[in-house]
Amino acid sequence: MDNQKKTMMDRVTEFTNKISGPLARFANTDIISSVVAGLVAVTPIIMIGSIFLILYVLGSPDVGTSGKPLIGFLAPLAGKFAWMNSLTMNMMSLYCSIAIPYNYAQKKKMNTLTCSLLGLATFLIFTINGYDEAGGISVTSFSASGLFVCIITSIVGVQILKFFLDKNITIKMPDSVPPNIGNAFGALLPFATIFGIAWLIRTIMNFDMVAWLNTLLEPIITSSDSLWMAMLVTFICLLLWSVGLHGDNMFIALFTPFGLTWVNQNASALADGVSNYDLPNILAGLGNTGLIRLTIWTAAVWPLLFLMITSKRKQFKTIGLTALAPGIFTIVEPVIYGLPIALNPYLMVPFILSGTISTGVGYLLMSTSFFGKFYAVVPWATPPFLLGPLGTGDMKTALIPFLSFAIGLVIYVPFWKVYNQSLDAIEQQEVEEAPSVEMIQGNEA
């Protein structure tokens, strides 16, 4: 039996190592890591915008069917709250056009300020759609709709600049000129080339890259918000964690652009009067917050915390009590590495199954009109029973983490019993062997 379990663990470990290698290399490439770092850098802006959106929901009589605001004294400020959301969350691509080239420049050991300015200006040239009737510049592409164009212009712009610098195709100033002035003049030729290409494509050819790319990616983005995708993402994430690899950073973070696009679409729909129960995207916020955060750790870790705290084994009780506070805030490393779950043949299977199944159940629940959908980005370490109400405006979503906990507990209990029995057998064997050792030592004396 032990050999069979060991073989099963070895097979799981071998399979996970096969997929973790390529995933790790992909996630650690300069481009992907720079994009993820750039998105992380603008997360505080998005979260603050989400707070103002929540305040708008609480104070606007247009949200819901009652015709009255949930909190009356906020009603006079509802429109002002919406403007703050527009200047933060609805301009995430504009901020990313600075943050992504900054991080990519760091990877390429280039001047970060120069690359940030280049990324911002190139993005503006590519996305400005002319002037509106009031004489202002249209900024519709500054939201998540322009995110993929922002990523492309940021990376390609820095690469073109690096090509010019590597080939010394720059205006060279005398040595007596201060370095900052020399760098500014040295960037003239690459800047002019990049801006010229962007202007030619957007203005002369009248090619709207944002609209074209969104049309091209729409089937992919739409089909990605599905039950099977939610369960597959959770399964691979937990599979990586089960062998000691950080599944969130290695895998889930790759879906951040999709998650931010979805949450922005939900926020825009909410501002247009759509009920939070009828918003279009269920996996909104994937990568930062959202449905999977409601279910994954409440099913995969919280049941173990309960079983450890109620265990008769002193070491389990100690680990459980120590890890309880971090676990409530979904900081799960103390359990995964302290129990451990990682590479534990008795707990790996329920660990993966519990989170995957509960995510599927959660998706089915949130796909109904009974639960609200995420329209705000809430910090990832928010306790799940608060994460749902804050991110969706629906108090009923607080029930989903507890349902996930119950699902996880049912799955864990039989495996936990077998695990404890195996420990009992090891302890019994040690007790039986102890007298034999003392007898041998006495005979030698």
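# Exercises on rings, charges and a surface patch

The charged end of Lys396 lies over the ring of Phe370, 4.9 Å from the ring's centre. The model is predicted. Work through the exercises with the structure in view.

## Exercise 1: Salt bridges across the chain

How many salt bridges are there?

Step 1. Take the count. There are five salt bridges.

Step 2. Arg293 is in helix H14 (residues 291–300) and Asp248 in helix H12 (residues 247–250). The two are 45 residues apart, so the bridge links distant parts of the chain.

Step 3. Check the cover. Arg293 is buried at 12% relative accessibility. Asp248 is buried too, at 11%.

Step 4. Asp424 belongs to helix H20 (residues 399–444). Arg313 sits in the loop between helix H15 (302–309) and helix H16 (314–328). This pair also links distant parts of the chain, 111 residues apart.

Step 5. Check the cover again. Asp424 counts as partly exposed at 41% relative accessibility, whereas Arg313 counts as buried at 11%.

## Exercise 2: Aromatic pairs

Classify the ring pair Phe148 and Phe258, then the pair Phe163 and Phe164.

Step 1. Note what is needed. A pair of aromatic rings is described by the distance of the centres and the angle of the planes.

Step 2. Take the total. The model has 19 aromatic pairs.

Step 3. Judge Phe148 and Phe258. Their ring centres are 5.9 Å apart and their planes stand at 70 degrees. Planes over 60 degrees apart count as edge-to-face, so this pair is edge-to-face.

Step 4. Phe148 is in helix H7 (residues 147–166) and Phe258 in helix H13 (residues 256–271). They are 110 residues apart and link distant parts of the chain. Phe148 is buried, with a relative accessible area of 14%.

Step 5. Judge Phe163 and Phe164. The centres are 6.2 Å apart and the planes at 80 degrees, so this pair is edge-to-face.

Step 6. Compare the cover. Phe163 is partly exposed at 45% relative accessibility, whereas Phe164 is buried at 11%.

Step 7. Look at one cluster. Trp241, Trp297, Tyr337 and Phe351 form it.

## Exercise 3: A nonpolar patch

Which residues make the nonpolar surface patch of about 630 Å²?

Step 1. List them. The patch is made by Phe163, Ile169, Ile171, Met173, Ile181, Phe185, Leu188 and Leu189.

Step 2. Find the elements that give two or more residues. These are helix H8 (179–186) and helix H9 (188–204).

Step 3. Take one member. Leu189 lies in helix H9. Its relative accessible area is 36%, so Leu189 is partly exposed.

Methods
Residues are numbered from 1 along each chain as its sequence is written. This is a predicted model: local features need pLDDT of at least 70, side-chain atom pairs count only at pLDDT 80 or more; totals for chains, interfaces and linings use all residues. Side-chain values use heavy atoms; hydrogens and water are left out. Patches are made of residues with over 30% relative accessible area and no salt bridge: like charges are joined within 9 Å, nonpolar side chains (Val, Leu, Ile, Met, Phe, Trp, Tyr) within 5 Å. Accessible areas come from the Shrake-Rupley method with a 1.4 Å probe; for residues, only the protein chains shown count as cover. A salt bridge is a side-chain nitrogen of Lys or Arg within 4 Å of a carboxyl oxygen of Asp or Glu. Helices (H or I, at least four residues) and strands (E, at least two) are DSSP runs, numbered from the N terminus. Buried means under 20% relative accessible area, exposed over 50%, partly exposed in between (1.4 Å probe, protein chains only). Rings of Phe, Tyr and Trp (its six-membered ring) pair if their centres lie within 6.5 Å; planes under 30 degrees apart count as stacked, over 60 as edge-to-face and the rest as tilted. A charge sits over a ring if NZ of Lys or CZ of Arg is within 6 Å of the ring centre and within 35 degrees of the ring normal.
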